[in-house]
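Please look over the sequence and the structure below before reading on. The report that follows is meant to be read with both of them in view.

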Amino acid sequence: MKNNLILIGTGFLGSYLIQELKSRNFQLINTYFSKNQNKGEYLDIRNLQEIRNFFAKHEPDIIINTAGRTDIDYLEKNPNEAISVNTTGPKNIATITEEMGIKLVHVSTDSIFDGVKGNYNENDKPNPVNIYAKSKLDAELSIKQITKKYVIIRTNFYGMNQNSKHLFNSVFDKLKNGEEFVGFNDIIFSPLEIKNLSQLICDVVDSNYSGILHLASNEKLSKYEFCTEIAKTFGFDKSLIINDSIKKMKFVAKRPNNTSLDNSKSKSIIRHNIISFNDWLLTLNTKGMHKEIKLFD
């Protein structure tokens with residue numbers, strides 16, 4: 001089987017995927033767009049001809065697309081930027097993968113659901129409540145219309161980030177510095193640890209699966225529970241975490257309350273075990289935080 005692969009997007013998830021893909025001996029080329037990155041090759045997915053030329057040059061068998069804008073409040077006020085990267089970009093990629101007979105694995109989000117019922121399966125009807133989520137759903141719809149050789153992965157994730165960004169690092173740093181903050185008791189999700197998610201994505205890449213797939217943990221956590229588990233594991237003061245509702249926050253964009261996903265379908269496809277949040281925290285605590293922070297240096 002051929003294994004020439006282009007990974008589009010070298011952000012948080014992309015950085016972990018690079019490590020996992022290399023461990024599986026894929027012939028890998030990864031792309032970046034941000035001016036702050038220079039690892040890989042530059043590619044602007046908003047430009048259809050640029051994608052066509054790039055794919056023709058490298059002749060990939062598989063594309064994994066992790067590129068996207070996720071700054072929800074900013075995108076709510078700047079919808080054209082959400083559309084250009086989160087919708088037009090994936091649509092362009094799908095167009096060229098269909099032209100060239102390339103398999104496309106596209107990473108989407110649990111946020112496409114309205115969060116009313118939770119535990120969503122692959123057949124549940126999406127109903128986005130903000131511009132970010134709508135742009136991601138529109139990308140899914142375009143991919144499904146354009147190409148038959150695709151996998152759309154809906155997920156949510158956490159993990160150690162070397163630049164101290166994203167959910168886990170934000171919570172950890174606030175607790176370590178003795179800062180009070182709100183842990184939302186009415187925002188529920190089923191996130192995967194990012195290294196574990198990378199393993200599962202690669203399991204899907206290695207499979208013959210086509211269609212939509214939910215990759216999620218076996219547990220449903222509120223953001224408040226997520227924060228308190230971090231405090232408990234590392235011995236921080238749990239009273240710093242205010243147990244309250246997101247309804248009191250003045251965010252620009254509306255957030256869905258319960259975007260937990262049903263992962264039962266994925267278990268017949270993936271080969272790796274799903275790691276629980278508590279198990280990951282305990283392993284991280286045993287290793288020592290400083291070792292994990294330097295993961296990609």
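## Basis of the model

This is a predicted model, in which local features need pLDDT of at least 70 and side-chain atom pairs count only at pLDDT 80 or more, while totals for chains, interfaces and linings use all residues. Residues are numbered from 1 along each chain as its sequence is written, and side-chain values use heavy atoms, with hydrogens and water left out.

Helices (H or I, at least four residues) and strands (E, at least two) are DSSP runs, numbered from the N terminus.

## The sheet

Strands of a sheet pair through backbone hydrogen bonds, either parallel or antiparallel. Strand β6 (residues 150-154) runs parallel to β11 and is joined to β11 by four bridges; in one of the pairings, Val151 has Gly211 of β11 as its bridge partner.

Axes are lines fitted to C-alpha atoms, for helices over the stretch in contact, and angles run from 0 to 180 degrees between N-to-C directions.

How do α1 and α7 cross? The axes of α1 (residues 12-23) and α7 (residues 194-206) come within 9 Å and cross at roughly 60°, and the two helices are therefore oblique to each other; angles under 35 degrees count as roughly parallel, over 145 as roughly antiparallel, 65 to 115 as roughly perpendicular and the rest as oblique. The contact (heavy atoms within 4.5 Å) involves Phe12, Leu13, Tyr16, Leu17, Glu20 and Leu21 of α1, together with Ile194, Lys195, Leu197, Ser198, Gln199, Ile201 and Cys202 of α7. Of the residues in this contact, nine are nonpolar, two polar and two charged, where Ala, Val, Leu, Ile, Met, Phe, Trp, Tyr, Cys and Pro count as nonpolar, Asp, Glu, Lys and Arg as charged, and the others, Gly among them, as polar.

## Helices α6 and α8

The axes of helix α6 (residues 166-176) and α8 come within 10 Å and cross at roughly 55°, which makes α6 oblique to α8. On the α6 side, Leu167, Phe168, Val171, Phe172 and Leu175 meet Lys223, Phe226, Cys227, Ile230, Ala231 and Phe234 of α8, and the residues of this contact divide into ten nonpolar, no polar and one charged.

Helix α8 (residues 223-234) also holds Glu229, which counts as buried because its relative accessibility is 17%; buried means under 20% relative accessible area, exposed over 50%, and partly exposed in between (1.4 Å probe, protein chains only). Leaving aside neighbours within four places in sequence, Glu229 is in contact with Phe277, Asn278 and Leu281.

## Two loop residues

Glu59, placed in the loop between α2 (48-58) and β4, has a phi near 50°, a positive value in a residue other than glycine, and Glu59 counts as exposed at 60% relative accessibility. Asn119 lies in the loop between β5 and α5 (131-146); its phi is near 50°, and Asn119 is partly exposed, with a relative accessible area of 37%.

Note on methods. Pairing = 2+ DSSP bridges.
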